[in-house]
Amino acid sequence: MNDSLSNAERIWQALAAIPSGSVVSYGQLAELAGLPGCARLVGHTLKKLPEGTRLPWHRVINAAGRISFEVGSPRFVEQKQRLLAEGVEFHNNRINLNRHRWNP
């Protein structure tokens, strides 16, 4: 990665590269951005994305294969709908990481 990029820019670049139908964990996105061990920074950075962003924030889930928003909340519903539209399958609100985790 380019050393002149801010941490947020590194996260945004890595996020933009996640293909449709795939997911990554917060920790995996941190590693992809060249920031190993910074999963919380990824979460804080995603929280600050502007409304209507075109970056695929919905492709980031927790390490257990679940959406981090409260089940049934508007953000949970939106994220799950976006993932389902991309062909990501859920079983008891959990994503099969063996099938859908992105391994670049």
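# Exercises on a predicted model

Helix α3 contributes the most to the lining of the largest pocket, giving six residues. The structure is a predicted model.

**Exercise 1.** Describe the largest pocket by its volume and its lining.

*Solution.* 
Step 1. The volume of the largest pocket is about 510 Å³.
Step 2. Of the 20 residues in its lining, Leu46, Lys47, Trp57, Phe69 and Arg75 are the closest to the centre.

**Exercise 2.** State how many salt bridges the structure holds, and examine the one formed by Arg59 and Glu86.

*Solution.* 
Step 1. The structure holds three salt bridges.
Step 2. A salt bridge requires a side-chain nitrogen of Lys or Arg within 4 Å of a carboxyl oxygen of Asp or Glu. The closest N and O atoms of Arg59 and Glu86 are 2.7 Å apart, and the two residues form a salt bridge.
Step 3. This pair links distant parts of the chain, 27 residues apart: Arg59 lies in the loop between α3 (39-47) and β2 (60-61), and Glu86 in the loop between α4 and β3 (90-91).
Step 4. Buried means under 20% relative accessible area. Arg59 has 11% relative accessibility and therefore counts as buried.

**Exercise 3.** Examine the salt bridge between Glu78 and Arg82.

*Solution.* 
Step 1. The closest N and O atoms of Glu78 and Arg82 are 3.1 Å apart.
Step 2. Glu78 and Arg82 are separated by about one helical turn, because they are four residues apart in helix α4.
Step 3. Glu78 is partly exposed, with a relative accessible area of 28%, and Arg82 is also partly exposed, at 31%.

**Exercise 4.** Examine the salt bridge between Glu89 and Arg99.

*Solution.* 
Step 1. In this salt bridge, the closest N and O atoms are 2.9 Å apart.
Step 2. The pair links distant parts of the chain, 10 residues apart: Glu89 is in the loop between α4 and β3, whereas Arg99 is in helix α5 (residues 97-100).
Step 3. Exposed means over 50% relative accessible area. Arg99, at 54%, therefore counts as exposed, while Glu89, at 41%, is partly exposed.

**Exercise 5.** Locate Gln81 and decide whether Gln81 is buried or exposed.

*Solution.* 
Step 1. Gln81 belongs to helix α4 (residues 74-85).
Step 2. Its relative accessible area is 52%, so Gln81 is exposed.
Step 3. His58 is 23 residues from Gln81 along the chain, and their C-alpha atoms are separated by 9.4 Å.

Definitions and conventions
Residues numbered from 1 in each chain as written. Predicted model: local features only at pLDDT ≥ 70, side-chain atom pairs only at ≥ 80, totals over all residues. Heavy atoms only, no water. Helix = DSSP H or I, 4+ residues; strand = E, 2+ residues; numbered from the N terminus. Buried < 20%, exposed > 50% of the residue type's maximum accessible area, 1.4 Å probe, protein only. 1 Å grid on protein atoms, 1.4 Å probe; cavity = no way out; pocket = protein on both sides within 12 Å on 5 of 7 lines; lining within 4 Å. Points joined across faces, edges and corners; volume = space filled by probe spheres on them. Nonpolar A, V, L, I, M, F, W, Y, C, P; charged D, E, K, R; others polar.
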